[in-house]
Amino acid sequence: MDHDRFPSDLLKDQTAWYITYDELAVTPAGSQTAARRRLLELSRRVAGHPFWKTPAGTPAARVALKEIARAQTEAGS
């Protein structure tokens, strides 16, 4: 499944989720509040996206979205 099959906002949010998650991993424990809140908000947006209620929103599509988003974050590093 290529990235053109996903809504752009969904792919953007999943990519931002990985970026935020990676940043959170290296942020000192005392200053993680904003990153944790952002991660929770991105999680809510990805999980609740209307795309998942369409016939294309299969479990395999969820995996594909994560793979594409992760590849984008690694390519941007």
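## Burial classes and the model

A residue counts as buried under 20% relative accessible area, as exposed over 50%, and as partly exposed in between. Arg70, at 23% relative accessibility, is therefore partly exposed. The model discussed here is predicted.

## Overall architecture

The protein chain has three helices and zero strands, in the order α-α-α from the N terminus. Its C-alpha atoms fill a box of roughly 45 × 25 × 20 Å along the principal axes. Of the 77 residues, 32% are buried. Among contacts between residues at least 6 apart in sequence, 67% join residues at least 24 apart.

The accessible surface of the chain is about 5,100 Å², and carbon and sulfur atoms account for 57% of it. There are 11 positive and 9 negative side chains, with the centres of the two sets 8 Å apart.

The structure holds three salt bridges. In one of them, Asp13 pairs with Arg45, with the closest N and O atoms 2.6 Å apart. Asp13 lies in helix 1 (residues 8-26) and Arg45 in helix 2 (residues 33-47), so this pair ties together parts 32 residues apart in sequence. Asp13 is buried, at 7% relative accessibility, whereas Arg45 is partly exposed at 31%.

Asp22 forms a salt bridge with Arg70, the closest N and O atoms being 2.8 Å apart. This pair links helix 1, which holds Asp22, to helix 3 (residues 59-76), which holds Arg70, across 48 residues. Asp22 is partly exposed, at 34% relative accessibility.

Glu41 and Arg44 form a salt bridge with closest N and O atoms 2.6 Å apart. Both residues lie in helix 2, three residues apart, about one turn of the helix. Glu41 is partly exposed at 31% relative accessible area, and Arg44 is exposed at 52%.

How values were computed
Residues are numbered from 1 along each chain as its sequence is written. This is a predicted model: local features need pLDDT of at least 70, side-chain atom pairs count only at pLDDT 80 or more; totals for chains, interfaces and linings use all residues. Side-chain values use heavy atoms; hydrogens and water are left out. Helices (H or I, at least four residues) and strands (E, at least two) are DSSP runs, numbered from the N terminus. Buried means under 20% relative accessible area, exposed over 50%, partly exposed in between (1.4 Å probe, protein chains only). Contact means heavy atoms within 4.5 Å. Accessible areas come from the Shrake-Rupley method with a 1.4 Å probe; for residues, only the protein chains shown count as cover. Lys and Arg count as positive and Asp and Glu as negative; His and the chain ends are not counted. The place of a charge is taken as NZ of Lys, CZ of Arg, CG of Asp or CD of Glu. A salt bridge is a side-chain nitrogen of Lys or Arg within 4 Å of a carboxyl oxygen of Asp or Glu.
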